[in-house]
Amino acid sequence: MLLTNATIACMTGETPYGLLRDAAIHAENGRLVWVGPMEDLPAGIAGGEVVDLEGRLVTPGLIDCHTHIVHGGNRANEFEMRLNGASYEEVARAGGGIVSTVRATRAASQDELLASALLRVDALIGEGVTTLEIKSGYGLDIDTELNMLRTARAIAKVRPVRVRTSFLGAHAVPPEYAGRADTYIDEVCLPALEAAHAAGLADAVDGFCEGIAFTPEQIERVFAKAQALDLPVKLHAEQLSNLGGARLAARYGALSADHVEYANEGDAAALARSGSVAVLLPGAFYALRETQSPPVAAFRQHDVAMAVATDCNPGSSPMTSLLLAMNMACTFFRLTPEEALAGVTRNAARALGLDDAGQIAPGMRADLAVWNVEHPAELAYRIGFNPLHQRFFGDAA
């Protein structure tokens, strides 16, 4: 395949957006072979499909690096509760929140989970997403946790999208283990993690370190097991308070620390030392009407890579638009449009431990999004508008 007459945002970090005008891309067998100005196009490139993009913008295929897209039911009633004054924590302690989705997810079959998830996946694919992270965490028993991960794997078989899975058994304490979080970890979380690893269902291990979930000491037990299984870790950290989750994640060389609204400069320095990505989730910030913003200035100061994701979930971020997440990251957190685009391409790939996506360069997967825009800043600028022209998925890679 040869794409010609393109404006290309390579996202290589060498120049703003890595922007090339009047450029071309050559791909073979699902991989990018050559990228550069049209005038430098090698004479030997021939054969295959030739697509004249007529000056349209090409970016790497977008990457949503934090989602809970597989789940049963919805929580519209809790949305109404919050609008009537209840806090996220109050909803959770009243039996709502994550635990209410657990009930619906346990009651759903794998076919039902797949059918509902595909509606949300299709919305993301329709906005140029080519790679998607999907977490478990709404089962909180061994069978349902594995069922969620099997559903996530099935999505990649029925849709042209790459799926990375994260085991999130340490998401909440289920009602049957109320007040016995350590026992839950012993009897459910760690055995489920071992089973998921044995079945090849988990690409990474996640946890929720928060007052309504698990302490740093409890999360560390899960991380130690992940380390023994040679699985990378990531963490929901510093979303509602600062319990030291970000520094714990950094100590274990986590791929990412996510949410991080209550992180501080010391946390930023720790993440910088570990090379962990700070994943910003403006959808949850918006839905929860949060007022504490992530320390973006500190992340910049310490050169912490920042990713942006939808956090698609039924409670605190029922959002299936990565373009909207980009706009929110700019509006709420004051990211630049270039930082936002890097956050859903280059840095999102890094947050998933991927080295073959998120940039347009030789050797990368041919995961590309073509847009009806003149400049990449337009992708973060518009609200509720999808300018996707065409999506290419390097499924032969």
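**View 1. K135 and E133 are both buried.** Buried means under 20% relative accessible area, exposed over 50%, and partly exposed in between (1.4 Å probe, protein chains only). K135 pairs with E133 in a salt bridge, with the closest N and O atoms 2.6 Å apart. A salt bridge is a side-chain nitrogen of Lys or Arg within 4 Å of a carboxyl oxygen of Asp or Glu. E133, K135, D206 and K234 are linked in a salt-bridge network. The model is predicted: local features need pLDDT of at least 70, side-chain atom pairs count only at pLDDT 80 or more, and totals for chains, interfaces and linings use all residues. Residues are numbered from 1 along each chain as its sequence is written, and side-chain values use heavy atoms, without hydrogens and water.

**View 2. R162 forms a salt bridge with D356.** The closest N and O atoms are 2.9 Å apart. R162 lies in strand β8 and D356 in the loop between α14 (346-351) and β14 (368-371), so the pair ties together parts 194 residues apart in sequence. Helices (H or I, at least four residues) and strands (E, at least two) are DSSP runs, numbered from the N terminus. Both R162 and D356 are buried.

**View 3. E339 and R300 meet through their side chains in a salt bridge.** The N to O distance is 2.8 Å. E339 sits in helix α13 (residues 337-343) and R300 in helix α11 (residues 296-301), 39 residues apart. E339 is partly exposed, at 21% relative accessible area. R300 is also partly exposed, at 37%.
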